[in-house]
Amino acid sequence: MELWFSERHTSNVKLSIRVDRQLYSGKSEYQRIDVFDSLEFGRFLVLDGYMMLTEKDEFIYHEMITHVPMAVHPQVKDVLVIGAGDGGVIRELARYPEIGHIDMVEIDPLVVEVCRKYLPLTSCSLDDPRVQIHYEDGLKFVRSRADAYDLIIVDSTDPFGPGEGLFTREFYGNCYKALKEDGILVNQHESPYYPEDAMACQRAHKNIVQSFPISKVYQAHIPTYPSGHWLFGFASKKYHPLRNLDEGRWNQRGLTCRYYTTTLHKGAFYIPAYVEELLRDVE
């Protein structure tokens, strides 16, 4: 008998992956958590029926949400990561020796526990001594911070359930306050392709534009996410993601990535016409 995992992308579209076996299933205070092992994508994490990452393509998401701001900001020392219980963002940040402290705020301790056990390739840097994990609501945490961070990365789930509050104008305004005078905010911005996801993109972009003087959107192609076309938001008090990109400085680091390059960095901000129109409607 064949076992398949299917995620509904719209009422007419599903993504199905053949599963070798189920490694874990449990329910926390906040959500259902499942881990599967597949023949094509390796192990993958599912929250409330929605795929969060697979071992095969998670590097695309985590490299693009992390290295884009790191190649722009000249000196990141203090970082806040909201969500990211799988550890992928922490793994990429840990490659930068100049970072002195990382606050990681994850509402669900069980997500971290499960990822430590079943997704070691992603969670491998959660024990870095620079990382302090806070198990609390990201919206409440950032509300109590001011002028504290050079970089905030919002690696949230979709804009419903536990992650719903991380897409509001109040939240982005609090992020602005929590950043230093030249701070950068990067967030996952959903997919622009299917209508329901596109509306979430517009809401997030509208709220960020109202909070930050510089607000741009960039893209990546992630096979297992809805439509495969995914957006990220780049917002800053000072730095422009292209004009302030320091290719020479970043390339001299010698970091090896499987997706990100400084050439790709520039191209990622040249978004398709339909996405430009989508965002222009709310700016």
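**View 1. Buried residues of helix 5 in the predicted model.** Helix 5 spans residues 169-178, and its buried residues are F171, Y172, N174, C175 and A178. Viewed down the helix axis, these residues fall within an arc of 160 degrees, so they line one face of helix 5.

**View 2. Elements that cover the buried residues of helix 5.** The cover includes three strands: strand 6 (78-83), strand 9 (149-155) and strand 10 (179-188). It also includes helix 4 (138-143) and helix 6 (195-209).

View 3. K237 is buried but has no salt bridge. The nearest side chain of opposite charge belongs to D147, at 6.0 Å; a salt bridge would require a side-chain nitrogen within 4 Å of a carboxyl oxygen. The K237 side chain instead reaches the backbone oxygen of Y176, at 2.8 Å. Leaving out residues up to four places away in sequence, K237 touches Y176, L179, K180, E181, G183, F212 and P213.

**View 4. Y274 in helix 9 (residues 273-280).** Y274 is partly exposed, with a relative accessible area of 35%. Beyond its neighbours within four places in sequence, Y274 is in contact with P192, Y193 and H229. With H229 there is a polar contact between the two side chains, at 3.1 Å.

Note on methods:
Residues are numbered from 1 along each chain as its sequence is written. This is a predicted model: local features need pLDDT of at least 70, side-chain atom pairs count only at pLDDT 80 or more; totals for chains, interfaces and linings use all residues. Side-chain values use heavy atoms; hydrogens and water are left out. Buried means under 20% relative accessible area, exposed over 50%, partly exposed in between (1.4 Å probe, protein chains only). Helices (H or I, at least four residues) and strands (E, at least two) are DSSP runs, numbered from the N terminus. The arc is that of the directions from the helix axis to the C-beta atoms. Contact means heavy atoms within 4.5 Å. A polar contact is a pair of N or O atoms within 3.5 Å; within protein, one must be able to donate a hydrogen and the other to accept it, and residues adjacent in sequence count only if both atoms are side-chain atoms. Lys and Arg count as positive and Asp and Glu as negative; His and the chain ends are not counted.
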